[in-house]
Amino acid sequence: MKAITNARVVTTDGIIWDGVILIENDRIAAVGKKSEIEIPSDAEIIDACGTYVGPGFVDIHVHGGGGFHFEENPVIAAEHFLNHGETTVLATLSPRLNFEALLDGIKTIKKNMAVTKNIRGIYMEGPYINPDYGANSHINPWRHPIKSDEYKPLVEEAGEIVKVWAVAPEREGLVEFMKYARKVNPNVKFALGHSEASIEEIQSLGIYTPTIMTHVTNATGPNSWRGVRKCGPDEYALYTSDMYCEMICDSCAIHVAPFMQRFVLKNKGLDKIMLITDSTAHKNPSPEKYSHITDLNFDPKGGLSGSKLTMDMACRNIMTHTNCGIAQAFLMASTNPSKAIGMDDEIGSIEAGKRADFVFTDDMFNVKKVILGGELVNVNDTNSSCRKGFSSWLGTVNALYDR
């Protein structure tokens, strides 16, 4: 038994200022006020030192970090995000990968999930999106018709590991793919993204209509026809009350402008917004006018290509750009994404019976401690066996991110 004491515990209802959390093995045994929880005499005490203790971050859309995309080195990428409090990540594969690379990427991630422990599944950003939208669209290899001899091996290899498929409803033959994906994995979710679909095209998907909006207000269109604003994926997502919206919240609000963040938040409400990092490991130089921005990535043509965000940074940024507070940021970074992917029975909030995943932060979301499955993670440890051959270099990278 372990006991977290002297904690400001962030729950879905608010903050317990004098909170205590009991952990038994990898589960939360109890949570409440200090006056309400009896701590066993032989419990190992973890002093939170007055920090906020919230549920571990759940990043459902993240391509890579620490210098590697997940399909290249899932262990280092996963540990990079774990050090920033991301106790659950969905390793995200890019639609820019061809068939062989996607298949290999799925296999590599599956093989390493037992080692990484915070990779809880895969998010497939495509391949059946609109190839004209998103970073590096000129090299998208999936412009040809949807073919069963390609999607069946991908779906079968991913199996129940894939939690989300992002799709563009305007792609001809999409429903047959979606039908097969749902047959293989009945719990898989569909996301609407990289699309210019009309409302009618979205609604035509019927029971396969997406429940998640991929990075709202990014990589969608067109916005107007002869000067008249059209309705498309973003409008559909903002109108549909039970649809979750992903949001990339960088420090300079390049992906989503501050007013738009406030608009989306007001329109969707706190319970349908999910912060994502959409972090990538690209090494392209930044355009000169954005050279001062440290949390964005760009494609070779200077277009946005994901970010260098971690979830602690995203939480701090949304507090900067909107009027939300710490408890609300945790809802968007942990609770809502766990619900969107159907994993809220295990993760996303601090409740008895759920997995003991926690992040300890100060009031600016600087991470102090991380607990994964009841075990304390040494966020400053650069000698992990998972980093063999990379420890010195990765320690430098993490130091840069911490600054």
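1. For the residue classes used below, Ala, Val, Leu, Ile, Met, Phe, Trp, Tyr, Cys and Pro count as nonpolar, Asp, Glu, Lys and Arg count as charged, and the others, Gly among them, count as polar. Please keep in mind throughout that this is a predicted model.

2. A search of the whole structure finds two cavities of 30 Å³ or more, and the largest cavity holds about 40 Å³ of space. Its lining is made up of V10, T11, T12, P55, A327, F330, L331, T335, G348, S349 and I350; by class, these are six nonpolar and five polar residues, with no charged residue. Helix α9 (residues 326-340) gives the largest share of that lining, namely four residues.

3. The second largest cavity has a volume of about 30 Å³, and the residues that line it are I28, P55, E346, I347, G348, S349, I350, K354, R355, D357 and F358. How many residues of this lining are charged? Four are charged, while five are nonpolar and two are polar.

4. Turning to open space, the second largest pocket has a volume of about 460 Å³. It is lined by 25 residues, of which R96, A135, H282, S305 and G306 are the closest to its centre. The elements that give two or more residues to this lining are β9 (86-93) and β19 (304-307), and the largest share, three residues, comes from β19. By class, the lining of this pocket has 14 polar, seven nonpolar and four charged residues.

5. Two packed helices are described by the angle between their axes and the distance between the axes. Helix α8 (residues 311-321) packs on α9 at an angle of about 130 degrees, and the axes of the two helices are 10 Å apart. Why is α8 described as oblique to α9? The reason is the angle of about 130 degrees, which makes α8 oblique to α9, because angles over 145 degrees count as roughly antiparallel and those of 65 to 115 degrees as roughly perpendicular. The crossing of α8 past α9 is right-handed. In this contact M311, C315, I318 and M319 of α8 meet I326, A329, M332 and A333 of α9, and the residues involved are eight nonpolar, no polar and no charged.

6. The contact is made by P74, V75 and A78 from α1, together with T108, I109, N112, V115 and T116 from α2; by class, it has five nonpolar, three polar and no charged residues.

7. Some backbone details deserve a look in the coordinates. The peptide bond from G126 to P127 is cis, with omega near 10 degrees, and P127 lies in the loop between β10 (119-124) and α3 (148-158). The peptide bond from G221 to P222 is also cis, with omega near -10 degrees, and P222 is found in the loop between β13 (212-213) and β14 (224-225). K117, a residue other than glycine, has a positive phi near 70 degrees, and K117 lies in the loop between α2 and β10.

Notes
Residues are numbered from 1 along each chain as its sequence is written. This is a predicted model: local features need pLDDT of at least 70, side-chain atom pairs count only at pLDDT 80 or more; totals for chains, interfaces and linings use all residues. Side-chain values use heavy atoms; hydrogens and water are left out. On a 1 Å grid over the protein atoms alone, a cavity is a set of points where a 1.4 Å probe fits but cannot get out, and a pocket is an open set with protein on both sides within 12 Å along at least five of seven lines; lining residues have an atom within 4 Å of a point. Grid points are joined across faces, edges and corners, and a volume is the space filled by probe spheres set on the points. Axes are lines fitted to C-alpha atoms, for helices over the stretch in contact, and angles run from 0 to 180 degrees between N-to-C directions. Angles under 35 degrees count as roughly parallel, over 145 as roughly antiparallel, 65 to 115 as roughly perpendicular and the rest as oblique. A crossing is left-handed if the near helix is turned anticlockwise from the far one by less than a right angle, and right-handed if clockwise. Contact means heavy atoms within 4.5 Å.
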